[in-house]
Amino acid sequence: MADMVQEIVVAKPVSPVQFMIDYLAVGSSLCQQDKYGLSMMRRARLMKIFKAWDKNQDKTVDLKELRAFTRKHGGNAVTQDELKDIFMDMDESGDSKVDEDEFLKFFSLSVKRMDDDEFEQMIQDMLQ
Ligand SMILES: [Ca+2]
């Protein structure tokens with residue numbers, strides 16, 4: 001416990017509560033958070049999705065790739081217009097490409113209030 005408190009003081013995580021939960025669940029190294037408050041564990045899981053989207057592996061996702069992915073994964077839940085809106089939300093720099101940073105920033109907001117079960121369920125749903 002003293003170790004954990006020590007690490008919080010040193011690491012100053014964006015989400016201290018999540019940090020504590022992760023610390024107890026997965027240990028010291030995987031609970032470290034990036035600047036968006038994502039733990040290394042969540043970050044790694046999200047990057048799996050990013051890689052699944054990034055079909056041509058150029059480390060960015062364009063709208064075509066996102067479309068192809070949602071189509072393949074039964075993405076009738078969102079319309080083309082909605083998908084474009086989501087894409088534009090992610091594409092902060094407006095260069096029609098979503099890079100890892102933009103992707104992680106976007107998802108860090110959506111997953112902030114999820115507990116680990118909800119988070120894992122979302123990942124599973126998206127990778128199905
Ligand atoms: Ca790409």
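User: Over residues 78-113, how much is helix and how much is strand?
Analyst: That stretch is 64% helix and 6% strand, and its end C-alpha atoms are 22 Å apart. Helices (H or I, at least four residues) and strands (E, at least two) are DSSP runs, numbered from the N terminus. This is a predicted model: local features need pLDDT of at least 70, side-chain atom pairs count only at pLDDT 80 or more, and totals for chains, interfaces and linings use all residues. Residues are numbered from 1 along each chain as its sequence is written.

User: What does UniProt list for residues 78-113?
Analyst: The unreviewed entry gives "domain: EF-hand" for residues 41-76 and 78-113. Such annotations may be inferred rather than shown by experiment.

User: At what angle do α3 and α6 cross?
Analyst: Roughly 120°, with the axes coming within 10 Å. Here α3 is residues 40-53 and α6 is residues 100-111. Axes are lines fitted to C-alpha atoms, for helices over the stretch in contact, and angles run from 0 to 180 degrees between N-to-C directions.

User: Which residues make the contact?
Analyst: From α3, R42, R43, L46 and F50; from α6, E100, F103, L104, F107 and V111. Contact means C-beta atoms, placed from the backbone, within 7 Å.

User: New topic. How many helices and strands in the protein chain?
Analyst: There are 7 helices and 2 strands. The order along the sequence is α-α-α-β-α-α-β-α-α.

User: And what does the C-alpha trace span?
Analyst: About 50 × 30 × 25 Å along its principal axes.

Conventions. Two residues are in contact if their C-beta atoms, placed from the backbone, lie within 7 Å.
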